[in-house]
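Let's walk through this model together, one region at a time. Keep the viewer open and follow along.

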Amino acid sequence: MTGPAGRAFDRLLVAALLLAGWQGASAAWGEYWASGPLPAAAAFWRLVASGSLPTNALYTLEATAWGFAIGLPPGILLPFLLRRHPRIRAVLDPFMVAAYGVPKLALAPLFIVWFGIGIGSKVALVASVTFFIVYFNAMAGVAAVDRRLIATVRVMGAGEWRVLTDVVWPASVPFVFAGIRTATPYAVGGTVVTELISSNRGLGHLIQLSANRFQTNEVFAALFGVLILVIGCNLAVQAVERRLLRWRPPVFAASGAAG
Amino acid sequence: MTAPHHAPMALLEVRDLGKRFDAAGGGDAPWVIRGMGFAVADGEFLTVVGPSGSGKTTLLNMIAQTDHPTEGEVFLRGERILHAGAPRLNPGWNRQIGYVTQEDNLLPWRSALDNVLYALRLVGADDAAGRERARDLMAAVGLAGFEDYYPHQLSGGMRKRASLARTLVYDPPVILMDEPFGALDAETKAILQHDLMTVWASKRKTIVFVTHDITEAIALGDRTLVVSRAPARVTLDQANDLPRPRRAEDVIVHPAFPPLYERVRAAIR
Ligand SMILES: Nc1ncnc2c1ncn2[C@@H]1O[C@H](COP(=O)(O)OP(=O)(O)OP(=O)(O)O)[C@@H](O)[C@H]1O
Ligand SMILES: [Mg+2]
């Protein structure tokens, strides 16, 4: 089989194999430790029906969205502002690289100390994760703009602002989105880990609570919720990206720039 | 006054232009262009031929002010618009100099029509009349029906024609063209040459046209310059005294054509 239908079939096959493997592992080690597809699914529906999973997922989503909203704009805009200031960029560069290199998850305890166990610490962590990933991607995009295109629009009378909006920005959008796509799972993960460490709400809190009570099924159900959240965020990002990048030949749109 | 001596008064003049790029491994870079000088009269069609890599594109880049000269000056209507060491360039000199570059350089994220409209949009002239004009020009270069195509959906030759239309649309008095018909088949090339002659004759544009095709250079140009291998300078400045209006098919059977062709061919070494 070929085409989208064939691919969907192949994917279902892989999913079935993975579930079978899980079932086998749970049979080998016992359901108490490894759970299993069926009890985990039952726990999932139980948590959905009780409203616990949706409420906590929404809380995690909210924290992630705020983190994105705060980290994304400066991550995108700073490279554009620095385009014409290579000196400032050169001075900042080692600091940015160093800050990027710090594992952000290791900062979670610090953020909790600074911003409390509420939403603030999650937002701060997600913002710091997304800012750096998007900053370096957008910077690569701005640097990769075809200078001949800039020269061409200048000859036609375009000023600095038009160069920015009509050439540099559209040329960088694929890079910005590569950054956003890379950042998405880290962002959700950042929220969840911060919730794990200290929180009274969110999917991370649910995982922690269930594990403490040795409710392995519930842990898997909550992990499944995280998975759905990441996939949902990815689909949303892809939809926006597809709209903005209609001009691109499909071969690029499919693979995308490297993160 | 800086006007040159020959009449009619030169619209565009290049004086003693020289260019060397920064050497890749340090040290002294070779001169790509040196001691280049010529004048183009108002409404004149000047063609330029020369070996590949001789610096023709580099020359046009400097006239269009997308690159700095190392030596020399450029004048437009007697006013010095560029000189070596100028602190900043003014590409296109306030839309007075249009440039059809060797690569099409269309904006990949704009449709063909939006690319052709771009120069009008920059000055808010993309109204109904402007759109009409853009569509007419696209039809004239054989792109009717492809208005909504993105550049990657067009062939190389079609992109080249779109890039020609987007410069003609805003009507700059001087137009530089770098091998605009290089990638086209003989038939399309003949049609576009004819259309360009029509535009030129009706608008009295001043055109500097780089080509590798000697026949094209003689058929289109009032004058043909031959530039040497690097460092490029003018080695032949020939008036093509052939009757107008011309068509490439008629020009090649004209008795005056063979000696003109032979002199250009001999000068390109
Ligand atoms: N940005 C650059 N840096 C260094 N050298 C350059 C640069 N641009 C052009 N050159 C050199 O200048 C010389 C002339 O190049 P140019 O593109 O002007 O040639 P051309 O006459 O237009 O050739 P063609 O007919 O093949 O288009 C070449 O030797 C080229 O290597
Ligand atoms: Mg060239």
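**A strand in chain B**

B:Val14 sits in strand 1 (residues 10–19) of chain B; strands here are DSSP runs of E with at least two residues, helices are runs of H or I with at least four, and both are numbered from the N terminus. Before going on, some ground rules: this is a predicted model, where local features need pLDDT of at least 70, side-chain atom pairs count only at pLDDT 80 or more, and totals for chains, interfaces and linings use all residues. Residues are numbered from 1 along each chain as its sequence is written, chains are lettered from A and ligands numbered from 1 in the order in which they are written, and side-chain values use heavy atoms, with hydrogens and water left out.

B:Val14 has a relative accessible area of 1%, so it counts as buried (under 20% relative accessible area; over 50% is exposed, and in between is partly exposed, with a 1.4 Å probe and protein chains only). Leaving aside residues up to four places away in sequence, B:Val14 touches B:Met36, B:Gly37, B:Phe38, B:Ile63 and B:Glu73, where a contact means heavy atoms within 4.5 Å. B:Ile63 is 49 residues away along the chain, yet the two C-alpha atoms are separated by 8.0 Å.

Of the contacts in chain B with a separation of 6 or more, 66% link residues 24 or more positions apart. As for burial, 54% of the 269 residues count as buried.

One of the helices is worth a stop. B:Lys189 lies in helix 5 (residues 186–203) of chain B, and its relative accessibility is 16%, so this lysine counts as buried. Beyond residues up to four places away in sequence, B:Lys189 touches B:Phe181, B:Leu184, B:Asp213 and B:Glu216.

Next, the ligand. Which residues are closest to ligand 1? Of the 13 that surround it, they are B:Ser52, B:Gly53, B:Lys56, B:Thr57 and B:Thr58, with "near" meaning that a heavy atom lies within 4 Å. A polar side-chain atom of B:Ser52 is 2.6 Å from a ligand oxygen, and one of B:Lys56 is 2.8 Å from an oxygen of ligand 1. From the backbone, an N or O atom of B:Ser54 lies 3.2 Å from a ligand oxygen. The protein covers 58% of the 640 Å² of accessible area that ligand 1 has on its own (Shrake-Rupley method, 1.4 Å probe; for residues, only the protein chains shown count as cover).

Finally, hop over to chain A. The buried residues of helix 10 (residues 203–212) are A:Leu203, A:Gly204, A:His205, A:Leu206, A:Ile207 and A:Ser210. They pack against helix 3 (37–50), helix 4 (52–82), helix 9 (160–197) and helix 11 (216–244) of chain A. After helix 10 comes A:Phe214, with a positive phi near 60°.

Note on methods: Polar contact = N/O pair within 3.5 Å; in protein donor to acceptor, adjacent residues only side chain to side chain.
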